[in-house]
Amino acid sequence: MRALVLLLPLLCASLLAQSGLSITIIDENKLPVEAALITIKNQNTGEILEAQTDLRGRCVLEAPLTFAFELRAEKKGYYPTVMKSQELTEQAGTAELEIVLAHEQELSEQVEVVSSPAHLDPKETVASQQISSTEIINIPFPATRDIRNALPLISGAVQDHDGRIHVDGSASSQTQIRLDGFKINNPGTGLFDTRITADAVRSIQLQSSRLSSEYGNAPGGVFDLTSAAGDDHWRFSTTDFFPSFQNRRGLHLNNWTPRLTFSGPLAKGRAWFHQALDGEYGMDIIKELPEGEDRNQTWRIGGLTKVQVNLGRSHVLTGTWLANQFRADHSGMNAFNPQETSLDLRRSAYLAGLRGVSYFSNGLLVETALGMNQNRNDDIPMGASPYEIHLERTSGNFYRSSGSLARRFQFMGSVTFPARDWHGRHEVKVGAEADRVAYHVSTERRPIRIFDSRGGVSREIHFSEASPYAFRDYEVGIFLQDRWAPADRVVLELGLRFDWEEILSDFYVSPRISGSYQVRQRSKITGGVGLFHDAVRMDLLARPFSGRRFDLPMTIVAGGEQVESAFFADPGNLKVPRYLNWSAGWEQQVRDALLLTLQVTGKAGWEAWVYEPSGRSTLLRREFYLASNREDRYKAVKLGIAGTPRPGHTLSVSYTLSSATSSHLLDPDVDNLITGAAGNGPVAWDTPHRLLGWGWSAITKRLQLGYSVEWRSGFPFSVVNQEQQVVGMPHSLRFPDYFSLNLHLERRFRFANYEWAFRGGFNNLTDYPNPSTVNNNIDSPGYLSFTGLQDRAFVGRIRFLGKK
């Protein structure tokens, strides 16, 4: 679909001869398109004039246009539009031009449509990366049904063995995840537990450094997920509606992940809807376990609904509803943990949000939003048999059953004022947000027995009864952001944020500054520094309510001795964790459609929360107090190139050299069976070297090759002995290097007068082992044996695209 251009008044000779040009860019639903690049090229001299739209989708080219020109409007994720003119004659007045840029859509002959290439954005100061729906669809990556697996396609975002995402060395709870502007992190733990079908997402943007003061409690950055929206055309598509099979211990159903999307107008030109539904059934067969006790089945069903209503030309109301239910019969099964030790895992997540945007004739922009998100987690053991830990395996039923419910009510509002001139151009935005968070947890624990290398019991662990508990918190923040352009090539972002949090009864300030300087037409340098504060971790505050732990070493049990462990947290003695983030970058436009970037990043965190041994601890009683004593450090250099080297070919390649360390690597809790010194060194997700590449190429009109490749250093792990005590320093060894090459071919064809697309290919084409678990017990005969290997896998995908 090509962009539709509307000229108001009609584009004719008298219009084109104005002394300036006022341009407004909107999408197909009449929403302003911010940060769209306008390029006017003098066809006689080749000189280029560039401008960028503001929050209202507007820009004004004040220079007289008295030459033959070519005008191009574009933005990543939209189809560009190009128009040409005859020679202009200077006259008084200002012409008005309205351009409609259409979002990229799933088309039957996609390779014929030219998407917007990578371009240097001279006014952008934030360190950000974005992938569009086209890239999400075309790039092969594992488990494409879940949008969380697409996040590591962005350099700086690393996925650990548990599937959690870490941005620039930060803990996964320190990165804020937003869907259509609403926070969807688990309110209690900060983790990204919500599953979203990839077919429902229009774009993913990661802002990792030099963030606006609009964002609070995000030392790890912000992922902005934008869901797809309907338009005046009826659209329908399905993906993976046929199940796949596996030949592992016989022929079995492997995976079935049907996805369905449909959209269209509720009232043409005024209201639209988009509905995405998805389901999942999967069976994991662990070949190291006995037959009949080697299978884990999973079920999931979810949906994302979006409705947009235009209440007149200047007022837009958007509603978002997300629901997700998930269950795994035997979660946690692997070569070391048989089926009896697994958990019946149940998860649910919901989001309901309403957002209003109003545009006023004087340039004022007002945004308001009200939403609620909720996460419920239940972990149910297979029975009540004693849980036993042996050197190379576990047995019995898992010792802990738990349930949690976390809910957040969130309000956001902001006002962007009309641009004003005072020593340059100022665009000022002020806003506020308020959250009410509730966290409810109930836990029950049973005894644990630990065995030595001779098969005898070396230690028993018992727990006191834990009563259900609940936390509630209120968070309020206000911000001021000034986008100041003191000169044509210079942009400064000045921000100030004030936050108050009820549990700590603390008030804190976050100043931030960043800037961009366009050195030449095709290059710029950026830099900035800002203070960020981490969110209150309710799961850490709740640890003392989990009860006490009693360790009974067998050499002491005969005398009736036992070692007690107790945890304490006093919010009055805690400080809000602070992180100073800085970065500097250089960007160079290579040819017309490739962008070369170099980025240097640093983070320094202090007063982060960690449980430490108390000075009052004795041999028979260990006391741990939550303190603000952890320090985190991160430094990195990133080099990347991305864009379209030629039509029909897209690529992105990046290399990152980094170091992520912490002063406390062991965080003791009631359930942490590993004891030892706190340690100082690399965090569990540290990746000193990472090479990431992906892209696709059109081989023919309807045949396309997609690929992705990742090589990185292996994650660190600790060595323990049979007493579950750390040997040496924590995280002293590493997994082998990780390498994965995914290569897929997609063929589009017509059948029964409908459009279809079939993709087939291999994940981990080289069959590199990529282990995810290790026997780290130095007393075990199988010490340093790696399992959880990643096999080469053939993956097929078929999509029904409807009538295009």
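The following legends describe close-up views of a predicted model. Local features are given where pLDDT is at least 70, side-chain atom pairs count only at pLDDT 80 or more, and totals for chains, interfaces and linings use all residues. Residues are numbered from 1 along each chain as its sequence is written, and side-chain values use heavy atoms, with hydrogens and water left out.

View 1. Threonine 261 belongs to strand E19, which covers residues 259–267; strands (E, at least two residues) are DSSP runs numbered from the N terminus. Its relative accessibility is 8%, so threonine 261 counts as buried (buried means under 20% relative accessible area, exposed over 50% and partly exposed in between, with a 1.4 Å probe and protein chains only). The side chains of threonine 261 and serine 237 are joined by a polar contact of 2.7 Å. Such a contact is a pair of N or O atoms within 3.5 Å; within protein, one must be able to donate a hydrogen and the other to accept it, and residues adjacent in sequence count only if both atoms are side-chain atoms. Residues touched by threonine 261, apart from those up to four places away in sequence, include Asp199, Arg235 and His274 (contact means heavy atoms within 4.5 Å).

**View 2. The aromatic pair of tyrosine 387 and phenylalanine 398.** The whole structure contains 25 aromatic pairs; rings of Phe, Tyr and Trp (its six-membered ring) pair if their centres lie within 6.5 Å, and planes under 30 degrees apart count as stacked, over 60 as edge-to-face and the rest as tilted. Tyrosine 387 and phenylalanine 398 form an edge-to-face pair, with 5.3 Å from centre to centre and 75° between the planes. Tyrosine 387 lies in strand E25 (residues 387–389) and phenylalanine 398 in the loop between strand E26 (394–395) and strand E27 (400–416), so the pair ties together parts that are 11 residues apart in sequence. Tyrosine 387 is buried at 7% relative accessible area, and phenylalanine 398 is buried at 16% relative accessibility.

**View 3. The aromatic pair of phenylalanine 751 and tryptophan 756.** Phenylalanine 751 and tryptophan 756 also form an edge-to-face pair, 6.2 Å from centre to centre with 65° between the planes. Phenylalanine 751 is exposed, at 52% relative accessibility, whereas tryptophan 756 is buried, at 16% relative accessible area.

**View 4. Proline 338 in a loop.** Proline 338 is located in the loop between strand E22 (315–331) and strand E23 (343–359). With 19% relative accessibility, proline 338 counts as buried. Leaving aside neighbours within four places in sequence, proline 338 is in contact with Leu289, Met333 and Thr394.

**View 5. Two aspartates with positive phi.** Most residues other than glycine have a negative phi. Aspartate 168, which is not a glycine, has a positive phi of about 50°. This residue lies in the loop between strand E11 (165–167) and strand E12 (176–179) and is buried at 1% relative accessibility. Aspartate 240 has a positive phi of about 55°. Aspartate 240 lies in the loop between strand E16 (235–239) and strand E17 (244–247), and is buried at 10% relative accessibility.

Technical notes: Helix = DSSP H or I, 4+ residues; strand = E, 2+ residues; numbered from the N terminus.
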